[in-house]
Amino acid sequence: MKSINDFIESEGSQFPGKTYVEELLKPVFNDQRDYLFDVMFDIHRAHVIMLSEQKIIPITEARKMLAGINKIAKTDYQSLTYQPEYEDLFFMMEAKIGEEIGPELAGKIHIGRSRNDMGVAMYRLVLREHLVTTIENAYRLSEVLLFQADQHLETYMTGYTHTQPAQPTTLGHYLLAIYDVLQRDIKRLESAYQTVNQSPLGAAALTTTGFPISRERTCELLGFDQVIENSYDSIASADYLLETSTALITLMVNTGRWIQDFLQHVTREFGSFLVADPYVQVSSIMPQKRNPVSIEHSRSIASSAYGESISCNQYDS
């Protein structure tokens with residue numbers, strides 16, 4: 001009997017299965033490998049601990065399971081490549097754990113759960129960490145803005161409307177405007193974090209499980225704030241992604257606005273700001289130039305983040 005690969009190769013490059021593998025299965029596997037590998041094993045550990053505490057499995061089995069999980073978790077995940085005999089990364093790692101502790105024990109790790117609740121939990125855990133990093137950086141920027149505003153209470157500058165000179169103001173006044181908008185952006189990010197940091201585990205495929213699991217315990221072990229009460233909502237909702245991407249879109253629009261202002265202020269024509277030497281590059285042919293690449297790259301990064309967030313919104317809707 002032919003394997004999937006043999007059949008695809010015998011049918012030639014036009015066989016749609018090959019396109020499916022190359023355009024969907026492999027990219028999905030690579031994304032799982034690159035972004036979800038570590039948190040997948042965190043969920044394995046939490047689930048086994050819970051199963052043991054709930055007397056669903058004996059502690060001796062739990063210890064063997066955890067030893068196998070910890071050993072396979074040390075795999076160099078970058079060396080993993082898609083293999084057609086496994087549907088996805090989860091099944092591949094389950095097989096590797098089975099090679100370590102035996103297929104029966106490996107199968108018991110999956111008692112009372114589904115890839116549905118496990119998959120959503122992985123996305124939430126990864127997204128949570130990105131939100132924490134973004135919020136921390138936003139607070140760090142806030143502190144810098146406040147410090148600079150305090151240093152420039154009497155640094156007078158031209159205020160512009162419609163890119164035309166309008167009224168005199170101070171640099172401190174201008175920087176505090178950026179600060180105030182950023183505080184609202186931080187509130188939106190923190191609200192998204194509260195939505196994201198909820199546990200879907202225990203919902204299983206849709207309607208929970210007959211095993212006497214503890215959803216609260218896995219929630220606690222993984223650092224979620226609370227359990228998502230409705231099991232259908234746990235595995236079917238995508239608003240946590242939409243809320244996060246919307247908060248990022250707003251942050252990037254607001255950030256892009258003042259980055260563009262900075263690019264105008266550092267031009268020779270405006271001449272308001274001077275970028276320090278470590279943050280400029282010279283021209284390859286015009287040595288007199290001081291190209292503000294640090295600001296230019298910031299604008300590019302903000303635009304990319306905005307575009308990817310828009311794509312996420314369109315995909316989820």
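Analyst: Start with residue classes: Ala, Val, Leu, Ile, Met, Phe, Trp, Tyr, Cys and Pro count as nonpolar, Asp, Glu, Lys and Arg as charged, and the others, Gly among them, as polar. This is a predicted model, where local features need pLDDT of at least 70, side-chain atom pairs count only at pLDDT 80 or more, and totals for chains, interfaces and linings use all residues. Residues are numbered from 1 along each chain as its sequence is written, and side-chain values use heavy atoms, with hydrogens and water left out.

User: How many cavities of 30 Å³ or more does the structure hold?

Analyst: The general idea first. On a 1 Å grid over the protein atoms alone, a cavity is a set of points where a 1.4 Å probe fits but cannot get out. A pocket is an open set with protein on both sides within 12 Å along at least five of seven lines. Lining residues have an atom within 4 Å of a point. Points are joined across faces, edges and corners, and a volume is the space filled by probe spheres set on them. Here, three cavities reach 30 Å³ or more.

User: What lines the largest cavity?

Analyst: Its volume is about 80 Å³. The lining consists of I43, H47, M50, G112, R113, D117, L201, G202, I213, S214, R215 and T218. By class, that gives four nonpolar, five polar and three charged residues. Helices α3 and α9 (215-221) each supply at least two lining residues. The largest share, three residues, comes from α3. Helices (H or I, at least four residues) and strands (E, at least two) are DSSP runs, numbered from the N terminus.

User: Which residues line the second largest cavity?

Analyst: They are L141, L145, I178, V181, L182, D185, N254, T255, R257 and W258. Six are nonpolar, two polar and two charged. The space inside is about 70 Å³. Elements α7, α8 and α11 give two or more residues each to this lining.

User: Now an open site. What is the volume of the second largest pocket?

Analyst: About 400 Å³. Its lining has 19 residues, and G159, Y160, Y174, D261 and H265 lie nearest the centre. Two or more lining residues come from each of β1 (156-161), β2 (164-170), α8 (171-196) and α11 (239-265). The lining divides into seven nonpolar, 10 polar and two charged residues.

User: Back to α3. Why is it largely enclosed by the rest of the structure?

Analyst: Buried means under 20% relative accessible area, exposed over 50%, and partly exposed in between (1.4 Å probe, protein chains only). In α3, 12 of the 17 residues are buried, so the helix is largely enclosed. Among the buried ones are F37, V39, M40, F41 and I43. As for length, the expected span of a helix is 1.5 Å times one less than its number of residues. Helix α3 (residues 37-53) reaches 25 Å from first C-alpha to last, close to the expected 24 Å.

User: Which residues touch the most other members of the largest nonpolar core?

Analyst: A nonpolar core is a set of buried Ala, Val, Leu, Ile, Met, Phe, Trp, Tyr and Cys residues joined through side-chain atoms within 4.5 Å. The largest has 43 residues, and M40, F41, I43, I57, M93 and I97 touch the most other members. Its largest share, nine residues, comes from α3. Contact means heavy atoms within 4.5 Å. Leaving aside neighbours within four places in sequence, M40 contacts L89, F90, M93, M118 and M122. A second, separate core of 30 residues includes L127, Y240, V280 and I295.

User: Is H44 buried or exposed?

Analyst: H44 sits in helix α3. Its relative accessibility is 3%, so H44 counts as buried. Beyond residues up to four places away in sequence, H44 touches I69, F90, I97, I109, R113 and M118.

User: Last topic, backbone angles. Where is K55 placed?

Analyst: Most residues other than glycine have a negative phi. K55 lies in the loop between α3 and α4, and its phi is near 65°, a positive value. At 71% relative accessibility, K55 counts as exposed. T208 also has a positive phi near 65°. T208 is in the loop between β3 (198-199) and α9. With 36% relative accessibility, T208 counts as partly exposed.
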